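The following report is meant for a reader who meets this structure for the first time. It begins with contacts along the chain and then turns to its elements and one of its sheets.

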Amino acid sequence: MYPTPERWLTLDGERWDVTSAGCSAAASCAEVRKTKSQYTSMNERSYMMLSTPAAGLLLLSAWIFPSNALYFHIGETEKKCFIEEIPDETMVIGKYRTQLWDKQTGSFLPATPGLGMHVEIKDPDTKIILSRQYGSDGRFTFTSHTPGEHQICLHSNSTKMALFAGGKLRVHLDIQVGEHTNNYPEIAAKDKLTELQLRVRQLLDQVEQIQKEQNYQRYREERFRMTSESTNQRVLWWSIAQTLILIVTGIWQMKHLKSFFEAKKLV
């Protein structure tokens, strides 16, 4: 009798006793091992066929439902700023909530109502378009009038609170831009829109936002082209200046050497 690595073998939902299945010769054992190998590879292929659509569905859902929310930690006098590229005439809504570090529990707990956040927003021309003090949880809104990078800064009024002195604060921030700021269920209830009308409204808002994004990309392309042309022009003038300096230096050296040789009466 040839030894087998496993006594029991499961094929098509049935258990087979390898030792009693007539494995008394090398060929029989090889056939049993071959059958087991084919069955294992078939299970692996089935698992791959089942897992691939699941992974694809997971990636598709992550692409369709993106998340712009984030959280960050700030200290007592620390200031955090974020840069958001926003087209012109676009509404932006930001929501935040704060959590204060508790040394006793070793975790973040909801902040006290006395703790506030100061929000400051600057446009691409560094002009302040919003500067206001909010509570521990708040919501701020502004509309961009200049396309480009807008700076959103937040810092706490920690100097007014002895409770937060030397502590750490966690801020959850969610920024929504463009058509994502619209509350469509509320719009449908207010204007009494049907499902089809609401869908058309969403598509129109998306088309308008896409048009604004395209205009912003054209604006960026124009700025990049102007920067590139200015850089090329400066490089050209610098090359010309270097050439003129070399020519003037060469002429001066020739005259200097000529006068030197004439003074030494070598020529």
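In this predicted model, 67% of the contacts between residues at least 6 apart in sequence join residues that are at least 24 apart. Of the 267 residues that make up the chain, 25% count as buried, and the chain exposes about 19,400 Å², of which carbon and sulfur atoms supply 58%.

The chain has three helices together with 11 strands, and when the elements are read along the sequence they follow the pattern β-β-α-β-β-β-β-β-β-β-β-β-α-α.

Strands of a sheet pair through backbone hydrogen bonds, in either a parallel or an antiparallel way. In this chain, four strands form an open sheet in the order E4-E10-E7-E8, and their pairing is antiparallel. Strands E4 and E8 stand at the edges with a single partner strand each, so one side of each strand is left without a neighbour in the sheet. Neighbouring strands of this sheet are turned against each other by 15° on average, with direction ignored.

| Strand | Residues |
|---|---|
| E4 | residues 79-86 |
| E7 | residues 117-122 |
| E8 | residues 128-134 |
| E10 | residues 148-156 |

Within the sheet, strand E7 and strand E10 pair in the antiparallel sense over six bridges.

Key. Residues are numbered from 1 along each chain as its sequence is written. This is a predicted model: local features need pLDDT of at least 70, side-chain atom pairs count only at pLDDT 80 or more; totals for chains, interfaces and linings use all residues. Side-chain values use heavy atoms; hydrogens and water are left out. Helices (H or I, at least four residues) and strands (E, at least two) are DSSP runs, numbered from the N terminus. Buried means under 20% relative accessible area, exposed over 50%, partly exposed in between (1.4 Å probe, protein chains only). Contact means heavy atoms within 4.5 Å. Accessible areas come from the Shrake-Rupley method with a 1.4 Å probe; for residues, only the protein chains shown count as cover. Two strands pair if DSSP finds at least two bridges between them. Axes are lines fitted to C-alpha atoms, for helices over the stretch in contact, and angles run from 0 to 180 degrees between N-to-C directions.
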